[in-house]
Amino acid sequence: MKKQVICSTVFPLLCILLLFLSVEAQTCSPSGKIKGKTPPPGQCNQENDSDCCKDGKWYTTYKCSPPVSSQTKATLTLNSFEPDGDGGAPSECDNQYHSDDDPVVALSTGWYNNGKRCLNYINIHGNGRSVRAKVVDECNSTMGCDSDHDYQPPYPNNIVDASKAVWKALGVPENDWGGMDIYWSDTD
């Protein structure tokens with residue numbers, strides 16, 4: 001009770017600052033590390049500038065992602081959801097491949113939320129434009145460097161991995177595709 005009185009009458013700006021800092025402090029800490037191993041010859045698809053695991057390198061893993069808001073900050077990356085694309089296996093949500101001409105995305109593990117966003121749409125805002133895309137897969141932030149993950153490292157915890165259709169809809173020139181700061185939100 002005394003804290004409320006002090007905040008509302010004596011130090012309102014200090015209290016606002018403390019509230020902001022406490023919200024900013026709700027971050028996602030790493031959950032572990034995995035050791036990379038060199039993929040078998042021809043087993044790591046580097047389409048769309050994908051990285052391959054390096055033998056002996058340690059990769060950080062995450063079980064969580066930053067909190068979701070009406071403007072969740074993320075990094076947009078490029079992925080092919082087609083057979084033989086750099087996405088590897090069929091999508092987690094429906095066990096299907098998807099055309100790169102369809103606006104589809106994969107979300108980092110925490111945002112994927114054990115499949116709770118599967119086949120739902122999100123709004124993506126970037127480059128002064130917006131696009132609505134369907135969540136079809138997980139960008140696994142907990143595992144990688146194996147055949148199921150195309151011998152690629154685990155994803156960071158703030159990724160929206162998007163098809164070419166999403167990049168086109170955002171009006172990003174093709175030579176700039178690959179990594180861009182965006183905001184996203186669940187659709188209403």
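Me: Why is Trp184 called buried?

Reply: Trp184 has a relative accessible area of 0%, and buried means under 20% relative accessible area, with exposed over 50% and partly exposed in between (1.4 Å probe, protein chains only), so Trp184 counts as buried. This is a predicted model, in which local features need pLDDT of at least 70 and side-chain atom pairs count only at pLDDT 80 or more, while totals for chains, interfaces and linings use all residues. Residues are numbered from 1 along each chain as its sequence is written, and side-chain values use heavy atoms, with hydrogens and water left out.

Me: How many aromatic pairs are there by the ring rule, and what makes the pair of Trp111 and Trp184 edge-to-face?

Reply: The count comes to two aromatic pairs, where rings of Phe, Tyr and Trp (its six-membered ring) pair if their centres lie within 6.5 Å, and planes under 30 degrees apart count as stacked, over 60 as edge-to-face and the rest as tilted. The ring centres of Trp111 and Trp184 are 5.3 Å apart and the planes stand at 70 degrees, so this pair is edge-to-face. Trp111 lies in helix H3 and Trp184 in strand E8 (residues 179–186), so the pair ties together parts that are 73 residues apart in sequence; helices (H or I, at least four residues) and strands (E, at least two) are DSSP runs, numbered from the N terminus. Trp111, with 1% relative accessibility, counts as buried.

Me: Why is the pair of Trp167 and Trp177 called tilted?

Reply: The planes of Trp167 and Trp177 are at 40 degrees and the ring centres 6.5 Å apart, so the pair is tilted. Trp167 belongs to helix H4 (residues 164–169) and Trp177 to the loop between H4 and E8, so the parts tied together are ten residues apart in sequence. Trp167 is buried at 0% relative accessibility, and Trp177 counts as buried at 13%.

Me: How do you know that a disulfide joins Cys28 to Cys64?

Reply: A disulfide is a pair of cysteine sulfur atoms within 2.5 Å, and the S to S distance for Cys28 and Cys64 is 1.8 Å, so the pair meets that definition. The link of Cys28 and Cys64 is right-handed, with 90 degrees about the S-S bond. Cys28 sits in the loop between helix H2 (12–24) and strand E1 (32–35), and Cys64 in the loop between strand E2 (58–61) and strand E3 (72–78), so the pair ties together parts that are 36 residues apart in sequence.

Me: How many disulfides does the structure hold, and what makes the one of Cys53 and Cys145 left-handed?

Reply: The structure holds three disulfides. One of them joins Cys53 to Cys145, with an S to S distance of 2.0 Å, and the torsion about the S-S bond is about -90 degrees, so this disulfide is left-handed. Cys53 lies in the loop between E1 and E2, and Cys145 in the loop between strand E6 (129–139) and strand E7 (159–162), so the pair ties together parts that are 92 residues apart in sequence. Cys53 and Cys145 are both buried.

Me: Why is the disulfide of Cys93 and Cys118 called left-handed?

Reply: The sulfur atoms of Cys93 and Cys118 are 2.1 Å apart, and the torsion about their S-S bond is about -80 degrees, so the disulfide is left-handed. The pair links distant parts of the chain, with Cys93 in the loop between E3 and strand E4 (104–108) and Cys118 in the loop between helix H3 (109–112) and strand E5 (121–126), 25 residues apart. Cys93 counts as buried at 17% relative accessibility.

Me: Why is Leu119 called partly exposed?

Reply: Leu119 has a relative accessible area of 39%, so it is partly exposed. Leu119 lies in the loop between H3 and E5 and has a positive phi of about 60 degrees although it is not a glycine.

Me: What makes Asn127 partly exposed?

Reply: Its relative accessible area is 46%, so Asn127 is partly exposed. Asn127 lies in the loop between E5 and E6, and its phi is positive, about 55 degrees, although Asn127 is not a glycine.
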